[in-house]
Amino acid sequence: MTFKQITGKIHLWLGLFSGIIVAFLGITGCVLAFQHEIEQVTNPYQFVEIQEKPVLPPSQFQEIAVKALPGKHIHGIAYREPGKAVVATFYSEEYYYLIYLNPYSGEVLKVKDMSKDFFRNIVNGHFYLWLPPAIGQPIVATATLIFGILLITGIVLWWPRKGRFTRQTFSIKWGKSERSKLDLHRVFGFYASWTLIFTTFTGLVWGFQWFAKSTYWVASGGKQLTEFYMPTVDSIPVQKSDIPSVDVLWQLMSKEYPSVEMLEVHIPENDSSAIEVAANPDDQTYWKADYRYFDQYTLEEIEVTHIYGKLSNTTVADKIARMNYDIHVGAIAGLAGKILAFCASLIAASLPVTGFLIWRSRRKKRQKPLF
């Protein structure tokens, strides 16, 4: 057997083995590509009328939100652009809620159970196939790894003999013939591969710790990736201030970051927890945010050694790791990137279908392989 014939066999059997999962990941990826834009239209409670009055401090939103969800632990208060509601997050292994509040009056606009949220459920399907994470995540990661191999073998099979590129190499012959099915599979696959290679790579970073650590090791020139940790404090207040610490930090950070699109103050989980403040200049992406940590008693800033600190303190490898989600969904390139990610995901979902049709047709006719 020739090299291309062996490659064709590998491509065929790996495709048949992983096809259903790959198609599912492609379809759910299409749905998630424009999540932010769809929610802007379908969730009117996110918006409020701008008023010429100051917004309430975090401690007041915390008090209001806790009354709306008694017995639940509040995670943080997020201030967004003028005209958008403040969001209180409640999160644990058992539940996940968002409360949307009027920033001027504190009125509860919506209590949202994220376990019933459409996009949240699509995310769980995309990441875990709606299975327990310990089971679903390795299955998805393995299918992603196989898809990466399919992309490489597909390009090998697409590559013309002796490197002689023609118009037919890059175009599709429309119709009902065998050649048309093959063109839909190989030409669309080739064009999408240049985007899907990034989607697959970032998916593997999530799927396998060894892949994430190896990627960081290569990008950083041999350094180890520091796992995320939340700083702790051992200070004891001599006298409690009349103004809650979260309010003081919110005021300070609001002055330091006057033009950010999201400023989130995290409520300390216990007496030894630091207070985290996240300032994001672009709420369409995540990688540009500054993450700051403070002693909840002295308000002294605590430096961290993991990648989620100040953006100005991060290395190139840190930035690449931070960008993983934004690259995966295409948001790194704005609306154009999301459109590209949508189209690539759609093609990815179609590849197992066209590949199966080609295999079935050849099996019925017992034709000689075209590669």
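Are Phe61 and Tyr79 buried or exposed? In this predicted model, both Phe61 and Tyr79 are buried.

**Aromatic pairs**

The structure holds 22 aromatic pairs. A pair of rings is described by two things, the distance of the centres and the angle of the planes. Here are two of the pairs, side by side:

| Pair | Distance of ring centres | Angle of planes | Kind of pair |
|---|---|---|---|
| Phe61 and Tyr79 | 5.8 Å | 75 degrees | edge-to-face |
| Phe127 and Trp206 | 5.3 Å | 45 degrees | tilted |

The planes of Phe61 and Tyr79 stand at 75 degrees, so this pair is edge-to-face; the cut-off for that label is over 60 degrees. Phe61 belongs to helix α3 (residues 58-68) and Tyr79 to strand β1 (residues 74-80), so the pair links parts of the chain that are distant, 18 residues apart.

For Phe127 and Trp206, the planes meet at 45 degrees, so the pair counts as tilted. This pair, too, links distant parts of the chain: Phe127 sits in helix α4 (residues 118-128) and Trp206 in helix α7 (residues 178-207), 79 residues apart. Phe127 has a relative accessible area of 25%, which makes this residue partly exposed. Trp206 is also partly exposed, at 30% relative accessibility.

Gln137 is found in helix α5 (residues 133-158). Leaving aside residues up to four places away in sequence, Gln137 touches Phe127, Tyr128, Trp206, Gly207 and Phe208. With a relative accessible area of 23%, Gln137 is partly exposed. Where does Gln137 stand relative to His185, 48 residues apart along the chain? Their C-alpha atoms are separated by 28 Å.

**A charge over a ring**

Lys72 lies over the face of Tyr95, at 5.4 Å from the ring centre.

**The bent helix α1**

Finally, have a look at helix α1, which covers residues 3-33. If straight, a helix of 31 residues would span 45 Å at 1.5 Å a residue, yet α1 spans only 37 Å between its end C-alpha atoms. Where does α1 bend? The bend is at Ser18, and its angle is about 60 degrees.

Terms used: Residues numbered from 1 in each chain as written. Predicted model: local features only at pLDDT ≥ 70, side-chain atom pairs only at ≥ 80, totals over all residues. Heavy atoms only, no water. Helix = DSSP H or I, 4+ residues; strand = E, 2+ residues; numbered from the N terminus. Expected span 1.5 Å × (residues − 1). Bend = angle between axes of the 7 residues up to and from the residue. Phe/Tyr/Trp six-rings, centres within 6.5 Å; stacked < 30°, edge-to-face > 60°. Buried < 20%, exposed > 50% of the residue type's maximum accessible area, 1.4 Å probe, protein only. Lys NZ or Arg CZ within 6 Å of the ring centre and 35° of its normal. Contact = heavy atoms within 4.5 Å.
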